[in-house]
Number of protein chains: 2
Amino acid sequence: MTGPLIEERTTVDLTNVQHSPMGAHASFTLGHAGPHGGLGLGLAGPAGQSVYVAVEDAPGAGTYSALPFFTADDQDDPLARFQGGEEARPPVTTGPLTALPADRVRRTLDAVTDRWTAGTLDFAVHSPLGALPEPPGAGDPDAGDRDADPALRLAVLPAVLAEFTVDNTAGTGPLRAFVGYAGSDPYSGMRHLAAPALTGVAEGIRTAIVTDAPGARTAIGFDIPFLLGDGRGQGAGFGLGQTGLLVFEVPAGERRTHQLAFCFHTAEQVTAPERCRYLYNRYYPDLDSVAATALGSFDTLLTGWRRAVDDLDATRLSADRAYMLALAIRSYYGSTELLEDAGGRPVWIVNEGEFRMMNTLDLTVDHSFFEARQHPWTLRNVLEQQLARYSYRDRFGISFTHDMGVANVWSPHGHSSYERPGLSDCFSYMTGEQLLNWVIAAAVYTGTGDTAWCAARIDTLRDCLDSMLARDPGAAGVQTEDSDLVAGGAEITTYDSLDTSLGQARSSTYMAVKGWAAYRWLERTLHLLGDTAGAEEAGFRAGRAVKTLTASVGADGTLPALLDDPDGARIIPVVEGLALAHLTGTDVHAEPQLTGLLREHLRTVLDSGRCRFPDGGWKLSETSDNSWLSKIYLCQFVARALLGLPDDAQMAAADRAHVGWLRHPTESRWSWSDQMIAGVAAGSRYYPRGVTAVTWLLER
Amino acid sequence: MTGPLIEERTTVDLTNVQHSPMGAHASFTLGHAGPHGGLGLGLAGPAGQSVYVAVEDAPGAGTYSALPFFTADDQDDPLARFQGGEEARPPVTTGPLTALPADRVRRTLDAVTDRWTAGTLDFAVHSPLGALPEPPGAGDPDAGDRDADPALRLAVLPAVLAEFTVDNTAGTGPLRAFVGYAGSDPYSGMRHLAAPALTGVAEGIRTAIVTDAPGARTAIGFDIPFLLGDGRGQGAGFGLGQTGLLVFEVPAGERRTHQLAFCFHTAEQVTAPERCRYLYNRYYPDLDSVAATALGSFDTLLTGWRRAVDDLDATRLSADRAYMLALAIRSYYGSTELLEDAGGRPVWIVNEGEFRMMNTLDLTVDHSFFEARQHPWTLRNVLEQQLARYSYRDRFGISFTHDMGVANVWSPHGHSSYERPGLSDCFSYMTGEQLLNWVIAAAVYTGTGDTAWCAARIDTLRDCLDSMLARDPGAAGVQTEDSDLVAGGAEITTYDSLDTSLGQARSSTYMAVKGWAAYRWLERTLHLLGDTAGAEEAGFRAGRAVKTLTASVGADGTLPALLDDPDGARIIPVVEGLALAHLTGTDVHAEPQLTGLLREHLRTVLDSGRCRFPDGGWKLSETSDNSWLSKIYLCQFVARALLGLPDDAQMAAADRAHVGWLRHPTESRWSWSDQMIAGVAAGSRYYPRGVTAVTWLLER
């Protein structure tokens, strides 16, 4: 087992982490002080619940100390008080429960395990990492053997695990401890869950915390003072109030570890108008069956997940990078949703964090490197959905919609939930960029070895190439025309709320390098597939892109963001396409002219401070405070791995700055967030896209 | 068709009304200014949504006027501004939409129709009233004919209807108008709903507003300024934002009425641990099928509902009484839930308003008169659930739990979600009173004609009698012993948060008269069933109760609340048992001693002002400001119909005061509420129990 990936800090890190099963669009979110975490299923953010992890101050004391994840009596945001500061503040309390002060708590985090230690209490949450086998569809010949694949059955289990250790070796009497939460579902009440070999508290039919620890009891009530305040019996059936606890008692002289599972379930046909349900319903008809499997396979699951952490081998990253990667992986899985449609076919969705747009294609391409490493079939699944239902044609040819819908509502086929005509900024069309995104994501998938899939799609690839070419009537190697769908507006890029330096698609150098990456892959691929003419045209345009870019280099060696504004803003992501090229098999060093000018550009904008924030963090555009962390990660990979910029103190300072953004005193309740305005999460929060950091593992 | 039951008022009534299907635990709630209504399914209160009912100020104006049910731009509670006052206030607006001022709006309400009229706009919401046939169980011989009963199929339809009339007879161009809402489900987004012959906006798979009006369009967006502000096209698929509108256009010179349906649906197994789903799933697998039936059967449904209003014949009540009855009926249905269990057996639940406790037995008895009139089988269904799963035995014998669970979570059998040991007030046991409640509710059901049901339960009735007798070891005719379950505490009554004058069960004169009513019915019933000894014992104890009560009359002719506190508080509900006796077939006038002393008591406590609030409203206990409106209604029936108190100006003043409580400036957002502290709804809000007012229809 590898050690923790972040060092211990003097003030404990209170960033929320999404402890998430794979494909359940669910998170047990924990870390931020106050009622900002809990068990969330299908939500746009943290569930906003109080979570209790508490131990009695001494045997028989009747007072308890807890991790600080709950509402205090006085309803103030307890964060400020927990964090302390120069002035003395009263402790965070509710009845007999007091939050542990920050200086008594240690936390360690990796991509699976988030461990909290304080005095006699140790609480480790583990969430899945590892293989996610492709589920057979109902029409598949082997569908009858579905249940025969135990790895799939365990991989889709909608639960995360925890170990709750209470050390009473020094005690002279039994020590009580408890774990619990205050539910927040508008439709259901809390309930006791009892089954052979397990005990739990649940909120209706959607979430539960369970244990198989012998002697554990459950309690439900209005709040902690009600539950712990008077010590009287509760009656066998009392069920009012939204707070449910699992209560343990550890005998004197013992140190006990209790195994827990945090479970999620819904049997609903969650999407409309096409009806899909969570695929885990094949194996788990309800919360109880989830709970039984989670506890019954606890050791098997945990061993597998820890092995996946070893395989990830993130310990060779710096602590800051390992931390960001771990956080990002957890938020990615929190947004994932593995469904099956009415015909029993698997449907993979990555929700867009707080926005919940479904399979947003400009995110798909950024997730592709991670998915290609972990479970390539999910990437193929999305590419095929996109092709079958969310492709369309404008006057230039084929492209793909921004997304497939929002919050479990499928858009009409051929339309996104996002794009509207007549605009030049947010909510305009991303036709040109999404075309590139589909091609590049298809390239990444093909790179996982499924060349047959690629070969079968040669017509589509040729279609995509023709569409790219048509958007560049002057053969400059870069998109110069907007889709007719913008109807008087202008096409935008994934940087939709940035200014035109990155927001405008037409004549964008960022788009040019990205297009070059797509052309280079199409060139090789079409050649292999026998379309020599297409390959030649793709290669020609790639060359033209380099030529166009070369011609646009300014006197200081930097590239403008927009070809038609030579003295305009400078941006970092002009280098991003190099990563896409490299990750789709193009030898970027075979294009020294391009890498040379991009190296010079990037070094200059960074060293000059034009593209840095005062804290050392990277600033994607010199004319905007709006930055996307996922894209910074990718450009950092380009800088170090492909352009040879030194991994020096400045790089480390940038990492430290970026970690600081994620640890913002209040906004870190959103766990991993992407869009940062001057270092403060301002959108794209609770977001899956940070897994671009997985590219760092490719650095030598 | 009958006319409206309330007169027009100079300031329009802004009390929320729950427009509710039967058995769907759903309401389209409307009436309170601001975002305090909307489409709620399975909630503890109003959905808290903005609702839009708007018409363009003039053809082509681009500005709109609407009923005031939405959030204004500045996020202030718009209620105060809508209500105006001495100081001039700016109008409630959001972008091009302005709320109609109160003095331009008329409202009329009866038990089915809630009509709003202002200028060119007329909006009438209609919700079900009438027969609810008993659904066959899956094991019934005629279960195969389920779908053969069109009346049942329509009765369980989870939808309410509306007519939206726009008068453009004076217009010179097309006039636009719209109806819509801002969804609030945490799990789903808004969507367009399109099917043959209908158009709608839906929130996920749970709620929708649909129309079959030709040419109606839908629009989804963030808010009203976004949707109406720029007039640009929206794109075919735009789906972001929680606001959905149905947009109509009425040609110049025309007045058009558009038929709408407000639809609810969930296919979930909503309860746990026993799994039940809404019975309507037999007929309606999804929102679309609900919508199609609602619109396709619009005229049939509405005609039936209006006929039920005629049958109710509430027009002979005063306007205030008719208003309260209408409001109460609507809130009752909003709490009802018709499910079927895993075996296909129908399960009727009345949720306890904002508390959502299930089939609370002290409410069941108060709903029994209404259910006996409208659909007696629901009463039997609850009585049988109570007997099979929620009866228990203490040291004295059989009783019944306070409730069957909370918020769709069933309590462990034999336990309520409410009762706890060791208490003497709220959450203590109601063992003695629930025993009486089951007997009396069974008596009310038997009175609907099902004597066979009663005869088959003679052992239970005898068991109940024995249990009653055992709680009165001194044969005083009144409960003098508490259940052992209270474990050092004391039994309480349904008045759980009142002081001991009504909150204490033991030696309570309120309980004594209620017990007398039960004894009298048991006396006759056991006699008919051949249990002569039981009948005699019941009759003997009824007589002892009268004797005990007679002996406790004070010098001023009033009865104390508690037999062991002769100089203590005076209460109104000591007379309540007379209603229960009368409604279970006992001729109360055959007991002149009892009616005489109760008449004297009631006249004295009312005339002296001991049991009146300053506004003329009834005060259930002279020592508490805590009153329950449902119980006042029942005691008013006793006063006028059974004790001969005059229906005079004081009675009318009391009605006017009670209407005033329900029309509280802010608390009227809770629609019909029961528990009032000095005339302000303080608990038991959004509550079903007001249907005790149905007894008023028995007055001559």
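Author: Arg206(A) forms a salt bridge with Asp185(A), and the closest N and O atoms of the two are 3.6 Å apart; a salt bridge here is a side-chain nitrogen of Lys or Arg within 4 Å of a carboxyl oxygen of Asp or Glu. Because Arg206(A) lies in the loop between strand E14 (198–203) and strand E15 (207–211) of chain A, and Asp185(A) in the loop between strand E12 (175–182) and strand E13 (190–195) of chain A, the pair ties together parts that are 21 residues apart in sequence. Helices (H or I, at least four residues) and strands (E, at least two) are DSSP runs, numbered from the N terminus. Arg206(A), at 10% relative accessibility, counts as buried, and so does Asp185(A) at 7%; buried means under 20% relative accessible area, exposed over 50%, and partly exposed in between, with a 1.4 Å probe and protein chains only.

This is a predicted model, in which local features need pLDDT of at least 70 and side-chain atom pairs count only at pLDDT 80 or more, while totals for chains, interfaces and linings use all residues. Residues are numbered from 1 along each chain as its sequence is written, chains are lettered from A and ligands numbered from 1 in the order in which they are written, and side-chain values use heavy atoms, with hydrogens and water left out.

In chain B, Arg541(B) forms a salt bridge with Asp472(B), with 3.0 Å between the closest N and O atoms. Arg541(B) lies in helix H14 (residues 532–551) of chain B and Asp472(B) in the loop between helix H11 (458–470) and helix H12 (500–503) of chain B, so this pair ties together parts that are 69 residues apart in sequence. Both Arg541(B) and Asp472(B) are buried.

Another salt bridge joins the side chains of Lys631(B) and Glu576(B), at 2.7 Å from N to O. This pair links distant parts of the chain, with Lys631(B) in helix H17 (residues 629–642) of chain B and Glu576(B) in helix H15 (residues 576–583) of chain B, 55 residues apart. Lys631(B) is buried, with a relative accessible area of 1%, and Glu576(B) is buried as well, with a relative accessible area of 1%.

In chain A, a network of salt bridges links Asp366(A), Glu576(A), Lys631(A), Asp674(A) and Arg689(A). Over all chains, the count comes to 84 salt bridges.
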